[in-house]
There are 2 protein chains.
Amino acid sequence: MPAQLIALDWGTSSLRAYKLGPGGHVLEHRSLASGIMHLPTEPRDIAGIWCADGFELAFDAACGDWLDAQPTLPVIACGMVGSAQGWSEAAYRDTPADVATLGQALHVVRSLRGVDVHIVPGVIQRSALPNVMRGEETQVLGVLQNLPVGPASRRLIGLPGSHSKWVEVVEGCITHFDTFMTGELFAVLSQHSILGRTQQPSVQFQTEAFDRGVQVALSADGQRGPLSTLFSARTLGLTGELAGHEQADYLSGLLIGHELSALNSGQPLDIVLVGNTQLCTRYQRALALCGFSHVTLAQEATERGLWQLAVAAGLLPASVQSD
Amino acid sequence: MPAQLIALDWGTSSLRAYKLGPGGHVLEHRSLASGIMHLPTEPRDIAGIWCADGFELAFDAACGDWLDAQPTLPVIACGMVGSAQGWSEAAYRDTPADVATLGQALHVVRSLRGVDVHIVPGVIQRSALPNVMRGEETQVLGVLQNLPVGPASRRLIGLPGSHSKWVEVVEGCITHFDTFMTGELFAVLSQHSILGRTQQPSVQFQTEAFDRGVQVALSADGQRGPLSTLFSARTLGLTGELAGHEQADYLSGLLIGHELSALNSGQPLDIVLVGNTQLCTRYQRALALCGFSHVTLAQEATERGLWQLAVAAGLLPASVQSD
C-alpha cells in the first residue's frame, strides 16, 4: 500500500515517526531517542551534503529512507520541534482553536533534502495566568476525530504527564485549558527532597497507598492544599502507618488527588484520558475516587491528529482522506 | 558574671551555643557548622580519651572551654540532636504540650567528659495526618515568655523555613500545628525543575514580582492550588510579562501566598513570626496582603525557650531564674 503522509511526534526527549496510508492507517512506525534536547551530534552526508545540524540528522534518521522511496510524500510534525528551542519556531495560535484554524497555520521549514516539514503551531491561552501547549493540541484533535460531536457536546480531555493538561472542548474546538505540574513535582520531590529519602522502591503498584493519597487530598485536611499535606508522606512513615515501599505511590496519589480536586465537578462530564497507559490508568482510578465515572482512555491520538491536520492543510488529495 | 546554663540549638545544618547568665541573659554565643548532618570527623583527645564520635567532637568544640572553666554548668539542647539520626533519641511528646510537660520530659545523654546533656523532646500531633517538630517547640515557648497570657488568649506562631510550622497556642500551651513544605519546595523547584531554567539571579528583592505571586495565590485562579498556578512562573516569562530576574521572587510569593491562604482567617488573630529575619519580613509582607495586620517578629526565641525549659526541669537554682 503506498504511503500518503509522514507524521512526526517530536518532543523534548523522543521522536516518533509514522508512515501513514490512506485514511491515516499506520503502515509503519518508529521511535527514536532524538528529542530536541537529545539530538544526534555525529556529522554525516545527507542528500550529498556534509551535515552537522542535529535536527537534519534526526529527521534523516527518522524517515530518510521513506523519503528516498517516495520523495514527494508530505511531512507534518508536532511538539517541541516548533518551540523556540526547536528546529524552527511555529508561533502559538490563540484559543479558541480547532482543526481548521491550526491546519491553516502550519509553519514550514525546508529540510536539506528539499522536503518541506509542516510544523503544527502550539496553542496559547492568554488568560490572567497564560497557558501554553505544544503537541497536546494535536492529541486532542486526534481524540475528537473518533467522538460524536453534537451541538451541545462539552468534554474534558486529560493529558497526564510532567505538565498535565486538562483541555475543555466545545463542539470540536479547544476553548480552555489548564496546566498542572504534577508529574514534574512528583519527580523532583522524590529525587531531591526529604520525602525521597525514606521512599523505598516497589515492584508492584501499591494500590492501597495510592488510594489513601487520593483520599487525603480530597479530605478536609486536603483543603489546605498540597503544601500542607505533602509532609504527611514523611510523618506517616515516622508513626509506622506508611511503609517505605508505599511512600512513592502514596505521594503519587496525593498529588494526583490534589490535581483532580481542582477540576470543576459542578456537572457530570465526559472525560477522555490520553497518554502513557500506565499513568492514564492511575488517573482513571483516582477519577473514580473523585466520583467521575464516565472516563475513557484514547489510543493513537497523535497520529490521528496529525492526519486530520494534514487533511485540513490540504496536504492530501481528497481521494485518500478517508477509507 | 558567672554563667548559669549552656544552651544548645543543634539542628541539621548548624549548632549554636549560648552561655547564659542569671535571668537567661546571653553572655556569649557561637555558631558552628556542625549540624547533625555535618559533624566533625577528625578524632582527637577529649577529657583524656581518644575520641572519634562526631557528636562528642562537636559538643566539645562548641562549649568544651566553657565547661573547663565551670565543670558543673548544666547543659540543655534542642533540635534534631534528639532525633533518631541525632546523638540520642528523645521520644516525641504528644500535644497539648507546654513548658511544664516538656521541661519534665528532658532526655539525658552523658557526654564523654561526664557532663549530662538534657535534650528537649520534639512534639508530635497524632491527627489523621500526623505532624512533628523538633526545635520549633522550644522557639514557641521562648516567644510565649514575652507575651501576656490571659484566660482567653489565642495566638498563631509562624516559623517560616524549609518546613514552615504554624503553631496554635492557647493559654501558654501548644494545642495544634501544621507543617508546610514551602521552603523546600521553592528550593527543589528552583534548582531542579523547568521553572529554574529561566530564573535569573537578582541582587535586589523584587517586591512587585513577590506581591504579584502572593496575589495570584489569593485570586480565583489560585483556588485551584499551587499545582495549577506554578506553571505561570514559566508562561508569564514566555509572554514577556515576567522577566527572568523577577521569576524567583514571583515563585516565592506564589508559594508563600498559597501557604497563607490555608490559614484560618475566620477571626482576627495575633500572629508572631520567628526565624530568619529576611524570610520573616517576606512573610510579614505577604500576611499584610492577606489582611493580617497584627503581626510581630520575635527575637532570641530559642535561647529564651531553652532557659524556660531548664527552669521547668529544675536545672537552675531559684535565685538565678529571673533578674
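Contact here means heavy atoms within 4.5 Å. With that in hand, A:S252 touches A:F186, A:F210 and A:R282, leaving out residues up to four places away in sequence. Keep in mind that this is a predicted model. Chain A and chain B meet through 43 residues from chain A and 43 residues from chain B, and the area buried between them is about 3700 Å².

**Where chain A meets chain B**

- Carbon and sulfur atoms give 74% of the roughly 3700 Å² buried between chain A and chain B, that figure being stated as "about".
- Between chain A and chain B you'll find 2 salt bridges.
- One of the 2 is a salt bridge between the side chains of B:R224 and A:D178, at 3.2 Å from N to O.
- There are also 9 residue pairs in polar contact between chain A and chain B, counting pairs with both residues at pLDDT 80 or more.
- On the side of chain A that touches chain B, the elements giving two or more residues are the strands β11 (131–133) and β14 (173–180), plus the helices α4 (182–192), α5 (194–197), α7 (226–229), α8 (232–238) and α9 (247–261).
- Helix α4(A) supplies the largest share of that side, with 6 residues.
- By residue type, the side of chain A that touches chain B splits into 23 nonpolar, 12 polar and 8 charged.

**Domains of chain A**

- The domain assignment gives chain A a domain 1 made of two stretches, 5–135 + 301–320, and a domain 2 covering 179–298.
- Taken over C-alpha atoms, the centres of domain 1 and domain 2 of chain A are 34 Å apart.

**A:S252 in helix α9**

- A:S252 sits in helix α9 of chain A, an element that also gives two or more residues to the side touching chain B.
- Is A:S252 buried or exposed? A:S252 counts as buried because its relative accessibility is 8%, and the cut-off for buried is under 20%.

**A:R212 in helix α6**

- A:R212 belongs to helix α6 (residues 207–218) of chain A.
- With a relative accessible area of 29%, A:R212 is partly exposed.
- Setting aside residues up to four places away in sequence, A:R212 touches A:L236, A:E241, A:L242 and A:Y250.
- A:R212 and A:L251 are 39 residues apart in sequence, yet their C-alpha atoms are 9.4 Å apart in space.

**B:Y250 in helix α9**

- Over in chain B, B:Y250 lies in helix α9 (residues 247–261).
- B:Y250 counts as buried, since its relative accessibility is 0%.
- Which residues does B:Y250 contact, leaving aside neighbours within four places in sequence? The list holds A:L129 from chain A, together with B:A209, B:F210, B:R212, B:G213, B:V216, B:S232, B:A233, B:L236 and B:L242 from chain B.
- The side chains of B:Y250 and B:S232 are joined by a polar contact of 2.7 Å.
- B:A233 is 17 residues away from B:Y250 along the chain, with 7.0 Å between their C-alpha atoms.

**Cis peptide bonds**

- Most residues other than glycine have a negative phi, and most peptide bonds are trans.
- In chain A, a cis peptide bond joins A:T95 and A:P96, with omega about -5 degrees.
- A:P96 is in the loop between β7 (93–94) and α2 (99–103) of chain A.
- In chain B, the bond from B:T95 to B:P96 is cis, with omega near -5 degrees.
- B:P96 is placed in the loop between β7 (93–94) and α2 (99–103) of chain B.

**Positive phi in chain A**

- A:E171 is a residue other than glycine with a positive phi, near 50 degrees.
- You'll find A:E171 in the loop between β13 (164–170) and β14 of chain A, where A:E171 counts as partly exposed at 48% relative accessibility.
- A:E300 has a positive phi too, near 55 degrees, and is likewise a residue other than glycine.
- The loop between β16 (295–298) and α11 (301–312) of chain A holds A:E300, and at 43% relative accessibility A:E300 counts as partly exposed.

Conventions. Residues numbered from 1 in each chain as written. Chains lettered and ligands numbered in written order. Predicted model: local features only at pLDDT ≥ 70, side-chain atom pairs only at ≥ 80, totals over all residues. Heavy atoms only, no water. Buried area = accessible area lost by both parts, 1.4 Å probe. Salt bridge = Lys/Arg side-chain N within 4 Å of Asp/Glu carboxyl O. Polar contact = N/O pair within 3.5 Å; in protein donor to acceptor, adjacent residues only side chain to side chain. Helix = DSSP H or I, 4+ residues; strand = E, 2+ residues; numbered from the N terminus. Nonpolar A, V, L, I, M, F, W, Y, C, P; charged D, E, K, R; others polar. Buried < 20%, exposed > 50% of the residue type's maximum accessible area, 1.4 Å probe, protein only. Domains from an automatic or database assignment.
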